[in-house]
Amino acid sequence: MHSNIETRYSNHPLDVKTYNTRALRSDFLIKTLFIPDKINGVYSMNDRLIVGGINPVTSSLTLETVDQLKSEYFLERREIGIINVGDDSVIEIGKESYSLKHKEALYIGKGNKNVIFYPSENGNALFYFNSAPAHQSYPTKKVGKQEAEVVTLGSLENSNHRTIYKLIVNSVVKTCQLQMGMTELKPGSVWNTMPAHTHDRRMEAYFYFDLADGQSVCHLMGQPEETRHIWIKNHQAVISPPWSIHSGAGTSNYTFIWGMAGENLDYGDMVTVSITDLK
């Protein structure tokens with residue numbers, strides 16, 4: 001077995017108000033995603049999203065089922081979204097091969113049995129993925145920046161000038177419930193998802209990368225009236241329950257991948273919180 005998936009349970013917001021730094025990091029931060037020649041990650045009880053990293057180095061890695069799924073193969077009752085955050089590499093699905101360049105995405109629907117990840121020929125293959133339960137099978141589709149729905153928001157004056165690439169969303173790719181995208185902050189900007197928001201009908205996970213050595217992101221979470229924070233390094237992820245905001249500011253600009261699972265595919269289904277109302 002080349003797969004290591006840890007289980008994380010759901011948290012009540014009243015309980016989280018009593019957590020110290022260690023407890024917050026233990027329950028919500030995913031410190032290590034990429035381990036050479038491993039498929040590594042977390043199975044969250046929040047909408048049963050799996051957040052993980054795949055790092056084939058010396059040989060290919062097959063997407064195997066894990067104990068939490070009690071299934072014959074990984075995608076028997078699931079869909080998966082993958083974004084390449086490393087060097088150019090190849091994913092094989094059955095008899096079809098897909099070449100993924102840096103920051104390109106691949107959606108794979110329910111029912112695909114043989115999914116293989118190959119090492120990069122000219123660097124380090126790093127595949128970040130989110131997987132959610134699925135009730136219907138939709139076609140595999142590769143999505144690059146050119147095919148994404150693109151939105152630019154914020155301003156340099158407010159330190160939040162950013163471009164959002166909606167890669168795996170229902171306006172671009174047919175999915176059951178999974179949605180994924182990528183937000184790039186412009187040089188000089190550090191704030192993401194501000195004004196903050198919550199969405200009761202789905203949970204979310206953030207993965208931070210393109211963060212320079214020696215830099216960090218202060219990720220904000222918790223209920224708007226009583227927020228908490230977690231300091232995050234490059235190539236780390238954080239789980240955001242439906243009741244929590246998910247925002248942050250870095251000590252330099254960076255890129256992050258957002259992934260959502262739940263019962264609503266409407267990207268705009270959220271409750272925005274005024275900046276001056278945060279506590």
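K166 lies over the face of Y267, with 3.9 Å to the ring centre; a charge sits over a ring if NZ of Lys or CZ of Arg is within 6 Å of the ring centre and within 35 degrees of the ring normal. This is a predicted model, where local features need pLDDT of at least 70, side-chain atom pairs count only at pLDDT 80 or more, and totals for chains, interfaces and linings use all residues. Residues are numbered from 1 along each chain as its sequence is written, and side-chain values use heavy atoms, leaving out hydrogens and water.

**Aromatic pairs**

- The structure holds 11 aromatic pairs (rings of Phe, Tyr and Trp, the last by its six-membered ring, with centres within 6.5 Å; planes under 30 degrees apart are stacked, over 60 edge-to-face, the rest tilted).
- One of them joins F117 and F127, a tilted pair at 5.3 Å centre to centre with 55 degrees between the planes.
- This pair links distant parts of the chain, 10 residues apart: F117 is in strand β10 (residues 115-117) and F127 in strand β11 (residues 127-133). Strands (E, at least two residues) and helices (H or I, at least four) are DSSP runs, numbered from the N terminus.
- F117 is buried at a relative accessible area of 0%, and F127 is buried at 0% too; buried means under 20%, exposed over 50% and partly exposed in between, with a 1.4 Å probe and protein chains only.
- The ring centres of F207 and F209 are 5.5 Å apart and their planes meet at 25 degrees, so this pair is stacked.
- F207 has 0% relative accessibility and F209 has 1%, so F209 also counts as buried.
- F34, Y128, F207 and F209 make up one aromatic cluster.

- Strand β4 (residues 50-54) is largely enclosed by the rest of the structure, because 5 of its 5 residues are buried.
- Both of its faces are covered, with I50, G52 and I54 buried on one side and V51 and G53 on the other.
- Strand β3 (residues 39-44) pairs with β4 in the antiparallel sense over 5 bridges; pairing takes at least two DSSP bridges between two strands.
- In that pairing, G41 stands opposite G52.
- β3 and β4 form a hairpin with 5 residues between them, and D47 in the turn has a positive phi of about 55 degrees.
- β4 also pairs with β11, antiparallel over 5 bridges, and G53 stands opposite Y128 there.
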